[in-house]
Amino acid sequence: MKTLYTAKATAKGGRKGHVKTEDGSIDLPLSMPKELGGDGADGVNPEQLFGSGYSACFGSALSLVADKHKVDLGDFSVSAYVSIGKVEDGNLQLSVILDSFLPGVEDIKTGENLINEAHELCPFSRATRDNIDVTLNLLRDE
């Protein structure tokens, strides 16, 4: 791989600590959600950070694919629902639902094709492929 960019983020104290990027653009306290046994204090958690990155990356991939096919997505958005749970052996596992709202795309088949092609292109999708369940949804403005 020819590296184009590297981001450095350091977390101190795990889920109850602090995360900061080398350039200071992210400098946030971390907290554990009550559902995971934490106090639910103000702060972000790894699932929120992962969902933020995945939804932004997937949105960029959608934009590239739409441009390639000369399709106007309109004022589109991607929401990532990142869940954490236990699998049979007791280990923790993630799953993701990506809801893509494409108001500029009227044809359902076109929307589905764009989302599927973006899923092949997106680096986050490629990194998670065959590792976690990722569900792709096309949302329509009806």
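## Ground rules

Helices (H or I, at least four residues) and strands (E, at least two) are DSSP runs, numbered from the N terminus. What you're looking at is a predicted model, where local features need pLDDT of at least 70 and side-chain atom pairs count only at pLDDT 80 or more, while totals for chains, interfaces and linings use all residues. Residues are numbered from 1 along each chain as its sequence is written, and side-chain values use heavy atoms, with hydrogens and water left out.

## The whole protein

Let's start with the overall picture. The protein has 3 helices and 6 strands, and from the N terminus on they go β-β-β-α-β-β-α-α-β. Its C-alpha trace spans about 45 × 35 × 30 Å along the principal axes.

Of the 142 residues, 27% are buried, meaning under 20% relative accessible area; exposed is over 50%, and partly exposed is in between (1.4 Å probe, protein chains only). Contact means heavy atoms within 4.5 Å. Among contacts with a separation of 6 or more, 50% join residues 24 or more positions apart.

Now find helix H1 (residues 46-68) and helix H2 (residues 108-121): their axes come within 8 Å and cross at roughly 120°. Here, axes are lines fitted to C-alpha atoms, for helices over the stretch in contact, and angles run from 0 to 180 degrees between N-to-C directions. H1 contributes Tyr54, Phe58, Ala61, Leu62, Leu64, Val65, Ala66 and Lys68 to the contact, and H2 brings Leu114, Ile115, Glu117, Ala118, His119 and Leu121.

Asn45 sits in the loop between S3 and H1. Is Asn45 buried or exposed? Asn45 counts as buried, because its relative accessibility is 9%. Leaving aside residues up to four places away in sequence, Asn45 touches Arg15, Ser31 and Pro33.

## The loop between S2 and S3

Two residues are worth a look in the loop between strand S2 (18-21) and strand S3 (27-29). One of them is Ile26, and Asp23 lies in that loop too.

Ile26 has a relative accessible area of 32%, so it is partly exposed. Asp23 reaches 57%, so Asp23 counts as exposed. Asp23 and Ala7 are 16 residues apart along the chain, and their C-alpha atoms are separated by 8.6 Å.
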